[in-house]
Amino acid sequence: MAILFHCPWDNADQWLAALQAAMPNDEFRIYPDLGKVQEIDVAMVWRLPHGVLSGLPSLLGVCSLGAGVDALLEDPDLPRNIPIARLVDPLMMDRMAEYVCAAVLHHHLGFDDYNEQQTRQFWQRNPTTDARDRTVALLGMGQMGQRCAERLGTLGFKLIGWSRSPKKIDDVKCFHGRDQLDGVLQAASIVVILLPSTEQTINLIDKVALNAMPKDAILVNCSRGEIVVDDDLISALDSGHLRGATLDAFRQEPLPSGHPFWQHPKICVTPHIASLSAPDTAALILADQLHCTRNRQRVANTVKLEQGY
Ligand code: GLV
């Protein structure tokens, strides 16, 4: 049996080495060199071209090299009767929490204003708000959202969380469902998007949602670009309603040159760096997913197709 591997990132060699070290008895077929397709029983992939998986007659399961599975689920020919596993790696949760804490603290402490003051060599202390008086809303309370909540909680922020279905999480006021979204947005001065990209979340943060946020609020997006309507965000910033945004995920990546986000004075752009997957730790998780898939055991973190993640 053989494993199909596809990694379009520039550290593909490092990924392959880590996978081979974790699964030394397995043969990896590197896309597009499939060899005999009937020998491939598991795929470990990221952004594999559509239609490839459906051409693998012995496929027992698919493992994603990243946390999000939206690109896999967009394949119209995706086999729907085998486990598709998300990568859930505690190290990636820590990385996400670091990014979110950095973005939240940046805006909380007004570093955006001080960066601007520096360009004018202007020395002025602005009024401060304490963390205990600042409410941060986390949209998406899965493993990533919960790790971010733990870390932001340690920093003293007041936290509210919003998710698809009801959750109970210590020290986080939890809300759920579309009907409760506006209330969550109204209550927070910093809103962090950690949602998966699904039919329900695409374009969720549009003009109406942005208007629900209080004046001078901040938006942080570290999940997927499609969740935010770009033009509506720019209008909300330009009108002075929102104070700023930190964006790590975009509808098109790399963010095309000339896109208005690049030059916008109130937007901080990072090149999709929040929660990068880590080959060494991921390889151990993927080895376990391989074992479970081949032994027809329950594979952890498999996608619920009807839910879309
Ligand atoms: C990155 O965006 C991931 O889904 O892991």
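# Close-up views of a predicted model

**View 1. The shell around the ligand.** By class, this shell holds three nonpolar, three polar and one charged residues. Ala, Val, Leu, Ile, Met, Phe, Trp, Tyr, Cys and Pro count as nonpolar, Asp, Glu, Lys and Arg as charged, and the others, Gly among them, as polar. The structure is a predicted model: local features need pLDDT of at least 70, side-chain atom pairs count only at pLDDT 80 or more, and totals for chains, interfaces and linings use all residues. Residues are numbered from 1 along each chain as its sequence is written, and side-chain values use heavy atoms, with hydrogens and water left out. Which residues are around the ligand? They are Trp46, Gly66, Ala67, Gly68, Met92, Arg224 and His272. Each has a heavy atom within 4 Å of the ligand.

View 2. Ala67 places a backbone N or O atom 2.6 Å from a ligand oxygen atom. Gly68 also has a backbone N or O atom 2.6 Å from an oxygen atom of the ligand. His272 uses its side chain: an N or O atom there is 2.7 Å from a ligand oxygen atom. The ligand taken alone exposes 190 Å², and the protein buries 87% of that. These areas come from the Shrake-Rupley method with a 1.4 Å probe; for residues, only the protein chains shown count as cover.

View 3. The whole structure contains three aromatic pairs. Rings of Phe, Tyr and Trp (its six-membered ring) pair if their centres lie within 6.5 Å; planes under 30 degrees apart count as stacked, over 60 as edge-to-face and the rest as tilted. The ring centres of Trp9 and Trp15 are 5.9 Å apart and the planes stand at 40 degrees, so this pair is tilted. Trp9 is partly exposed, at 28% relative accessibility. Trp15 is buried, at 0%. Buried means under 20% relative accessible area, exposed over 50%, and partly exposed in between (1.4 Å probe, protein chains only). Trp9, Trp15 and Trp46 form one aromatic cluster. Trp46 is also one of the residues around the ligand.

**View 4. A phenylalanine pair.** Phe250 and Phe261 form a tilted aromatic pair, 6.2 Å centre to centre with 55 degrees between the planes. Phe250 sits in the loop between strand S11 (242–247) and helix H9 (260–263), and Phe261 lies in helix H9, 11 residues apart. Helices (H or I, at least four residues) and strands (E, at least two) are DSSP runs, numbered from the N terminus. Both Phe250 and Phe261 are buried.

**View 5. Two strand residues.** Thr135 is in strand S6 (residues 135–139). Is Thr135 buried or exposed? Thr135 is buried, with a relative accessible area of 16%. Contact means heavy atoms within 4.5 Å. Beyond its neighbours within four places in sequence, Thr135 is in contact with Lys158, Ile160, Ala187, Ala188, Ser189 and Ile190. Leu219 belongs to strand S10 (residues 217–221). Leu219 is buried, with a relative accessible area of 0%. Its contacts, again leaving aside neighbours within four places, include Val191, Ile193, Leu233 and Thr246.

**View 6. A loop glycine.** Gly35 is found in the loop between strand S2 (27–30) and strand S3 (40–45). Gly35 is exposed, with a relative accessible area of 58%.

How values were computed: Polar contact = N/O pair within 3.5 Å; in protein donor to acceptor, adjacent residues only side chain to side chain.
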